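Hi everyone, thanks for coming. Let me put the structure up on the screen, and then we can walk through a few spots together.

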Amino acid sequence: LVFLCSVSSDAEHFFYLYISSMKHLFLLLFAFSVLGQSPKEKIQVTDLLKIKTAGKPLVSPKGNQFIYTVTSIVDDPDKKNDFVYQTHLFLGNLQTGESRALTSGKNSISSPTWSPDGSKIAFTRDMGAKSQVYVLDLAGGEPQAITNLPFAVSNPVWSASGQEIYFQSSFTVKEFLVDSVYNKQGWVPSWTLEKPMLSGLAKKSKANPNGNIDEVRAYLAQNETDKKAKVINRLNFQEESTTTSEIPLPAYFKTSLTGKPVLLNNPFQRWSDVEFASNGIYAVVPADSLAHPDKVLDAYIRFGTKVIYQKGGYRMSNLSLSPSEKWLAFQEAKSTGVQNAVLQILSVENPSQIIKVPIDRVVTQVKWSSDDSKIYFTAQNQGGAPLYVFDISTKQVKQLTDNNTGILGFDVTNVGFVYAKTGIENPSEIYLHSADSERIFTSLNTGWLATKNIARPTKHTFTNAKGQKVDYWVMKPTDFEQGNKYPVVLEIHGGPSAMWGTGEASMWHEFQYYAAKGMGVVYANPRGSGGYGSDFLAANVKDWGAGPTSDVLKALDLTIAEGWADTTQLAVTGGSYAGYLVSWIVGHTNRFKVACAQRGVYELSTFMGEGNAWRLVPNYFGGYPWEKATKAILDRESPYTYVQNINTPLLIFHGENDLRTGVIQSEMLYKSLKVLGRDVEYVRHPGGTHELTRSGNNRQRIDQMLRTYEFFARYLKLKE
């Protein structure tokens, strides 16, 4: 203004100069403002370590507060350059919007639950191999351990009075037979232990390798106890990361806040699910008490000793008792085959009165309304996990949230819902929902995400050869520019009954990372995926290879038709069943420049012995490898049958302790390709299980992504 006054005394001219100068000054300040803002960064591989995950919220009995867990990835205090998961408890105030941590330290917690009056919270705390039940009084003080048992416990539940807590544990057969505290009755299993030519239990004798036959057997038993031998007599001897001869026996206990735990069941009865009522216990029990546990697939529901629901060829699970104890919700599924479980509601007064909830989806969580009139539930649907409500009087289901996000845990408030949600914009936060509006409650990931450039997928649909609608998603590279051509990676999900979409959290970081590295990402839900009903789920029975391949390749072809994909720069990857499908694809086409198969199944007959998921063989292929008709199907559907046709450079991953699919599957494929002189590399992650890329060791999760990127970079034109 001083400058303007010095160059003009004409008021009109002064005003014009003033306005003109202010305009240019505003533009200049705006330019400085824009230039001063840092450009958003691409997702980095180590951003995996920043992701925090909210657990299921639970509203207090008074309705004014809720608890939830937060899982973080932190530095491992015992191993340099390594990381561990840490889960802690938080308290949110629905009225003020404030939140605070209730636990801290290196010991994670799980399964928090409110006391009936809302004054206390029970949870289990990880104490190494022996987690115990703790109670936190919100009036003040530190959490107090109310169990101190020589075995791990889980899933605390308050009694209606608030004076006692139920919890769960397990014994092995050998442990419980000799337990002098909880097996004073001398309970023994009703089934045979299936030791050929031996019946009943071994006689108690002194261990002596030079003694009589009973003393020799005692000596051999001692060798098993001392882990010098592992004798297998059971069918299901493969766990996730090791083999075992032991049979786990579910045990349920009750304890006062100051007393000693009391065992509520005979563990040999093998309850698989329970609900505690005011006048007894509902339990899911195997249908045959005399047959070996591994051979009994059917189950029924009983109350006390009374059978209240049973159906031949079916098994029940996920019991949920209504607040008035008038209704019992549960899921029912065929014991064999491929189909979704059915959500049903049983009248406690008249068990023959059954209400079927009309939805053909994988139901993941059920919650009753306070007046028993409705049940709320979440279910997989078309790439999302929406929240639904079922009205018992009208018998109608209504979807309450969209298919673009996933409700991963929820509870009902006085005015709506509180839930943990995942979506493209944010992998995990807590939200409050009321009157069709939603607001974010936490800021677990919003801070670091504010500086990141997020790639956003577009959903598309096509009709496959069976007349089914197939959803697929396309993510362009983060730095996409119109007119340029880009490499594309086709990502395939496992299961085969899994489901991907923008409401599924496990792949959020990997997809964003590859997009940040200059690749387009295409993923689909081919026939056989969950989230689309039982007919779609079973559409790949006896057709694991060709049918699903045609669906995922159709999604890729439609993406290429958009005009921005470089058809000479295509990659394909996936894990578990998707490892199978990757190897099938490269055994039937050479269109991909490079491929990566993770923890897959490649020869279906040997998979029968290799993995603990072996029941997929009879369920999907109708029989067993020794049956001539089934063997022909297994050979036809095995990628290994076509190994000589694989010319695509292939990277193979497997966790060294993965017994869900078995490492020999990968080694057969790798050795064969090596003999054939093909471009192949094999990576085994020590200690890794089938959950390697989802909830496994975080250095190994990062290693897997980086090795895949580095292997792809050898063959694709990727920007640094």
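Let's start with Ile585. Setting aside neighbours within four places in sequence, Ile585 is in contact with Ile492, Thr549, Val552 and Phe592, where contact means heavy atoms within 4.5 Å. Ile585 is buried, with a relative accessible area of 1%; buried means under 20%, exposed over 50%, and partly exposed in between, using a 1.4 Å probe and protein chains only. Ala595 is ten residues away from Ile585 in sequence, and their C-alpha atoms are 9.6 Å apart.

A word on what you are looking at: this is a predicted model, where local features need pLDDT of at least 70 and side-chain atom pairs count only at pLDDT 80 or more, while totals for chains, interfaces and linings use all residues. Residues are numbered from 1 along each chain as its sequence is written, and side-chain values use heavy atoms, with hydrogens and water left out.

Now, Ile585 is found in helix H9. Helices (H or I, at least four residues) and strands (E, at least two) are DSSP runs, numbered from the N terminus. At what angle do the axes of H8 and H9 cross? The axes of H8, residues 546–560, and H9, residues 577–586, cross at roughly 85° and come within 10 Å. Those axes are lines fitted to C-alpha atoms over the stretch in contact, with angles from 0 to 180 degrees between N-to-C directions. H8 and H9 are therefore roughly perpendicular, the word for 65 to 115 degrees; under 35 is roughly parallel, over 145 roughly antiparallel, and the rest oblique. H8 brings Ala546, Pro548, Thr549 and Val552 to the contact, and H9 brings Tyr577, Leu581, Trp584 and Ile585.

On to the rings. The structure holds 43 aromatic pairs. Rings of Phe, Tyr and Trp (its six-membered ring) pair if their centres lie within 6.5 Å; planes under 30 degrees apart are stacked, over 60 edge-to-face, and the rest tilted.

Trp500 sits in the loop between strand E32 (486–492) and helix H6 (508–516), and Tyr523 in strand E33 (residues 520–524), so the pair ties together parts 23 residues apart in sequence. Trp500 is buried at 8% relative accessible area, and Tyr523 is buried at 1%.
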